[in-house]
Amino acid sequence: MEKDNPMTSETTPGDGVQKLHFYQKGTFTVGNRLVSSDERSVQSSIDRSNALTCGHRACQGCGEALGARYAIDTAMEAAGGNLIAVNATGCLEVFTTPYPESAWQLPWLHSLFGNAAAVATGVAAAMRVKGRREVRVVAQGGDGGTTDIGLQCLSGMFERNDDVLYICYDNEGYMNTGVQRSSATPPAARTATTPVLGDEPGNVFGTGKSVPKIAVAHEIPYVATATVADLRDLEAKVKKAMSIHGARYIQIDVPCPLGWGAASHETIHLARLAVETGFYPIFEAEHGRVTSVRKIRHQVPVTEYLKLQKRFAHLFKGDKVDPRVARLQARCDANIAEYGLLDAA
Amino acid sequence: MLKQIEGSRAMAEAIALCRPEIICAYPITPQTHIVEGVGALVRDGTLQNCEFINVESEFAALSVAIGASAAGARAYTATASQGLLFMAEAVYNASGLGLPIVMTLGNRAIGAPINIWNDHSEAMSMRDAGWMQLFAETNQEAVDLHIQAFKLAEEMSMPVMVCVDGFILTHAVERVDIPQQEDVDTYLPPYEPVQVLDPADPISIGAMVGPEAFTEVRFLQHYKQQQALSLIPVLADEFEDLFGRRSGGLLRTYKTEDAELIVVAMGSVCGTIKDTIDELREEGFLIGLVTLISYRPFPVDQLRDALAEAEHIVVVEKSVSVGMGGPLANDIDLALRNMAHPPRLHSAVAGLGGRPITKNSLADLFRQSLVQPWEGTHFLDLNERIVARNIHRSRKVRRSGPIAENLIRQMATEN
Amino acid sequence: MFQVRIHGRGGQGVVTAAELLSVAAFREGRNAQAFPSFGSERTGAPVVAFCRISNKEIRLREPVLEPDCLIVLDATLFRAVDVFQGLKPDGWLLINTNKPLAELHIDPVVQRLPKGHTVIVPATELALKHVKRPVPNAALLGAFAALGGQVHIDAVEAAIREAFAGPVGEANVAAAREAYDAALEQEKILTA
């Protein structure tokens, strides 16, 4: 191909010009034009709701904005437009509703940081007593609002099996307040409250929790993890969740360029590596049992994932390999073993 | 219908008559009998078209009510004491969002030291939260105030707390006239929200507001409460017309016309004060009472009218702002502010943590205010001996640690 | 205004007794106010409940400090709490016991009261006989109806039936009626 042909992926990048890719190498993504119309993604449809419309104030490369757009549009399609969203305090709330504007094209309610699940319970109950059973309810929040401050309300919503789909956009920290550690922050990661100082720089090993597992332990009808690297899978999971009544939980890995110290164009790449390394296991569970996992074809060493993020840069300083890289690799291996992510060669 | 009934059960029946659509409950003494009562009425089908939701905390209770109210349902919850503090963040949120939720407080002290008995500390802690706060003197009034509260909340699009003295009213069995359903239906029309979550007309509720408009939002909240000062008496009049008895309003006077001393108080203690007044008047003591029903909005003008002619005001209140004194006395001072010849104000704190407020102690207090007035805050029936010993000892040994435990240790060593 | 203070132990139906008494008075068209001592008491702990009866509206909210009548559901309480505190000189004392009065060691108190104002009833025995449970409250209310004429036994029986439906109610009514007769008999003897 000719070097000056703008339609090739081999265009020489100039300063500040991104390298163009016309297909996503290394994925199983299939372009919409190659599948039949009923298999096409919600996002490709001209009828999509654009529930989270353009003009919001998210950062360039925001994984949460991408995840939310796909998830809510899918939920909107599944509900025939009869959807109400409840939002926890956090980035998603702030960047979508700068006064006096709103990027939401569906009824949307923000109350507090830690009560989205309970507020959603109230909305769903109101719809029932009002006889509007066709109206569905989603609650959404970041990992801080879900795994930390909102966990009590979330657990209550789960155990009562309230008819709410809760979506957690997991960017592994309190990004809205300036990148602090949450219980979803991975070990060794640098945050403002786990600085690269002292004997154990970054986030401490042996801490944190898996809310998807906690959700599974509640034996609710549906739990899934997903990622913005596999948006078709995300859409499928939201669609499935919307086909079920009762408490449902989807946690989406949404890389945060700002908080993770990554280039904004690496969001999808990072999300994919998180899956391919075994760092972020992707699975579905129904009524307390894991029913499917997203297999890994070729396991990628965790260093490839870590090296793209400044939050892990301290692991790669100096000439010696930091032993904690091996611990992170072991964590990935344990995930792979636990969920059976890798078929025996 | 006249019944001899526990206050909590009577309130439960009244709340059910208001046809709430969502009731959220979390147990805390002494409020629990109320939600148990309404819950039973939902279960046995007396209260139709209502969901009773058992939540995992008071924070969730009010959060569920917030969601339900924003989605257009009439929502109710109840709490007390620590429970109100645990839901504090949502308390402010509900009023900021303009949601007409009605909540009963079974007024109870706040720990530590943990105490399940009655005072007004928790209600006072939320006096700035943007809710209207109505205090009931009797269980009859508690019943009637709930019916008025739903109407008030929905007309103002602002939440209302009905404050009922824990145990003293909630657990007292007495004569209460429970209204008829058709009368309540006449008085209280169905809830028609001004703004509602509806897929047919999507709106965003609860967006961030910056410095450019936040003051205006708060001003309008304040303005609305000032407007409620006009509405509350109207609702009480309408109530009287329909139900044939006077309940609610901003305040109530008792023998104040010729009074040289007027007592100001809120809640059930006003009954004991009235009995005390009757006895003191037999001695020739010209004394009267202003029962404050609406604490928020605070009726400055009406209080001024009621109190202006007195020489002395004694405020008896069941709460203390530690480091300041009685918050109600402070607010009454506001009503007397800038008067040419304001009456002398005496502040007394009484009944903390359930200490009985007796006629004898009140009579002594009122007499003392004339002959031996005090500065600052008087603590009624304070055990001065034990307090003095504690102060004396702490002067000698600077001992940190919980006050209650130090006090108990001293009381034990005294015997 | 007639003020009653009821002493007993958690599980004996002290609070219910005060409530039933207030209902009985209410049924006779009087004002009544019953309330417990507001504790977090558990089974077996000393419990107090109050009842006021009046022809006028009852506004007073203080505990009953000077009772016109004391009802004691458990005579072992005399050793544990100051049961007699504030009892009016012309007041009534109604005690659940199967012992003779002399064995209760409360003679100074009894002697202060007018003749016939101290009545003992084996209420627990009567409850076991009729209700098959050691809950003496209904029987004592029956006995109370025999004292001072504050409430009629018919109103007490109606209040019991209102609170306990069916055979349980009837059994309690039977216990109350027997206690009432026993108390009347005792009064006759004592004042004779």
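Colleague: How many bridges join strand 15 of chain B to strand 16 of chain B?

Modeller: Strand 15 (residues 344–349) and strand 16 of chain B are joined by 3 bridges and run parallel. Two strands pair if DSSP finds at least two bridges between them. Ser347(B) stands opposite Thr377(B) of strand 16. This is a predicted model, in which local features need pLDDT of at least 70, side-chain atom pairs count only at pLDDT 80 or more, and totals for chains, interfaces and linings use all residues. Residues are numbered from 1 along each chain as its sequence is written, while chains are lettered from A and ligands numbered from 1 in the order in which they are written.

Colleague: What makes strand 10 and strand 16 of chain B stand at the edges?

Modeller: The open sheet has 6 strands in the order 10-12-11-14-15-16 (chain B), with mixed pairing. Strand 10 (251–254) and strand 16 (377–379) each have a single partner strand, so one side of each is without a neighbour in the sheet. The twist averages 25° from one strand to the next.

Colleague: Why is helix 1 of chain B called roughly parallel to helix 7 of chain B?

Modeller: Helix 1 (residues 7–17) and helix 7 (residues 139–156) of chain B pack at about 20°, with axes 9 Å apart. Angles under 35 degrees count as roughly parallel, over 145 as roughly antiparallel, 65 to 115 as roughly perpendicular and the rest as oblique. Helix 1 of chain B is therefore roughly parallel to helix 7 of chain B. Axes are lines fitted to C-alpha atoms, for helices over the stretch in contact, and angles run from 0 to 180 degrees between N-to-C directions.

Colleague: Which residues of helix 1 of chain B make the contact?

Modeller: They are Gly7(B), Ala10(B), Met11(B), Ala14(B), Ile15(B) and Leu17(B). Two residues are in contact if their C-beta atoms, placed from the backbone, lie within 7 Å.

Colleague: Does Val238(A) count as buried or exposed, and what makes it so?

Modeller: Val238(A) has 28 C-beta neighbours inside 10 Å. A residue is buried if 20 or more other C-beta atoms lie within 10 Å of its own, exposed if 12 or fewer, and partly exposed in between. Val238(A) is therefore buried. Beyond four places in sequence, its contacts are Ala71(A), Thr74(A), Ala75(A) and Ile250(A).

Colleague: How many bridges pair strand 8 of chain B with strand 2 of chain C, and in which sense?

Modeller: Strand 8 (residues 173–177) of chain B pairs with strand 2 of chain C over 2 bridges, in the antiparallel sense. Glu174(B) has Gln33(C) as its bridge partner.

Technical notes: Helices (H or I, at least four residues) and strands (E, at least two) are DSSP runs, numbered from the N terminus.
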